[in-house]
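Colleague: I should like to learn how to read a structural model feature by feature. Could we work through one together?

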Amino acid sequence: MNVGVAHQRIERDLVLEADHAGRRLDQVLAELLPEFSRSRLQQWIESGELVVDDQRRRPRDKVWGGERIRLAATLALDERCVAQPIALDIVHEDDALLVVNKPAGLVVHPAAGNPDGTLQNALLHHDPGLAALPRAGIVHRLDKDTSGLLVVAKTLAAHRSLVEQLRLREVHREYRALVIGECVAGARVEAPVGRHPTQRTRMAVVAGGRPAVSHYRVLERFSGHTLLAVELETGRTHQIRVHMSHLRYPLVGDRLYGGRPRPPRGCSVALREALQHFPRQALHAIRLGLRHPEDGRELHWEVAMAADLEALLAQLREESEDDADPT
């Protein structure tokens with residue numbers, strides 16, 4: 001059934017920081033208010049519902065840090081997003097938030113090419129009250145083919161709290177990534193991520209990109225491959241995939257960022273086929289930690305490895321053991 005049209009009053013009051021200087025207003029706002037699309041923010045700027053130092057500005061105008069942003073707008077909720085009975089693996093739910101273990105293959109919210117069948121459609125079926133929140137309470141995303149933990153707000157107060165925790169880099173997100181290549185040791189990666197200059201469907205490490213910081217450490221080494229634990233400080237689009245590809249350790253199965261299969265020399269036919277046909281980037285959001293929006297409790301969740309990735313790791317371990325067996 002269709003979600004009925006409703007209206008919601010949106011109010012925000014924030015001050016820009018010095019490191020925003022020299023950037024476009026709409027670019028900065030897209031970073032500070034990620035719960036709203038850039039096109040919607042541009043509409044609010046142009047209509048005067050979003051002002052800078054109480055003055056109307058244009059989306060392309062530069063900011064210099066220290067400006068006060070005031071947003072007072074009415075959001076017409078999108079009636080085109082329908083509730084659909086899609087199964088959810090719910091790890092935690094209370095009155096303020098909901099934590100989901102998203103399977104690979106499930107798009108987070110409707111977009112061009114994916115008008116329905118998304119996590120957002122599933123959430124609206126699970127709790128119709130989420131229609132009163134931007135994007136049904138979704139405050140961060142996982143790529144379609146990344147599996148694992150994702151948090152959803154159930155109230156406006158929780159939504160504001162989670163968005164602020166993400167902005168302040170207070171949400172702990174840890175992933176498992178199976179990469180091509182044998183990493184010697186972990187490291188901190190600080191490399192700006194932005195749209196690829198010529199291939200617009202890809203992101204890349206580019207000068208002038210948005211600041212992006214990842215930390216990785218080695219968990220297991222196999223012939224030609226390494227299992228990493230990766231933690232995010234920032235949450236840029238495709239950040240882990242871009243950073244690891246930049247380091248020349250692309251994720252297994254990630255054709256977009258150079259993860260073409262490279263089976264180890266002398267491996268079994270079964271392992272060769274498993275690596276060649278792994279259908280997605282080998283990335284799983286295994287741990288999530290945050291402060292509860294209502295009482296400030298520190299909460300942490302962990303889920304098991306996704307079944308397809310665990311099966312591939314089992315094959316790699318088995319062949320590694322065989323290689324190490326002197327008999």
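Colleague: What is the average pLDDT of the protein chain?

Modeller: This is a predicted model, and its protein chain averages a pLDDT of 91, with 94% of the residues scoring at least 70.

Colleague: Where does pLDDT stay under 50?

Modeller: Where pLDDT is low, the predicted coordinates should not be read in detail. Here pLDDT stays under 50 over residues 1-5. The model has eleven contacts for that stretch beyond four places in sequence.

Colleague: Is Ala212 buried or exposed?

Modeller: Ala212 has a relative accessible area of 2%, which is under 20%, so Ala212 counts as buried. Ala212 belongs to the loop that joins strand S10 (203-205) to strand S11 (213-222).

Colleague: Which residues does Ala212 touch, leaving aside those up to four places away in sequence?

Modeller: The contacts are Val189, Glu190, Ala191, Pro192, Val193, Thr234, Arg236, Gln239 and His243. For Glu190, the separation from Ala212 is 22 residues in sequence, and 5.8 Å in space from C-alpha to C-alpha.

Colleague: How is the second largest pocket lined?

Modeller: Rolling a probe the size of a water molecule over the atoms shows where empty space is left. In this model the second largest pocket holds about 210 Å³ of space. Its lining has 13 residues, and Leu14, Leu32, Leu33, Glu164 and Arg167 lie nearest the centre. Strand S1 (7-15) and helix H4 (156-167) each contribute at least two lining residues. By class, the lining comprises seven charged, five nonpolar and one polar residue.

Notes
Residues numbered from 1 in each chain as written. Predicted model: local features only at pLDDT ≥ 70, side-chain atom pairs only at ≥ 80, totals over all residues. Heavy atoms only, no water. Helix = DSSP H or I, 4+ residues; strand = E, 2+ residues; numbered from the N terminus. Buried < 20%, exposed > 50% of the residue type's maximum accessible area, 1.4 Å probe, protein only. Contact = heavy atoms within 4.5 Å. 1 Å grid on protein atoms, 1.4 Å probe; cavity = no way out; pocket = protein on both sides within 12 Å on 5 of 7 lines; lining within 4 Å. Points joined across faces, edges and corners; volume = space filled by probe spheres on them. Nonpolar A, V, L, I, M, F, W, Y, C, P; charged D, E, K, R; others polar. pLDDT = per-residue confidence, 0-100.
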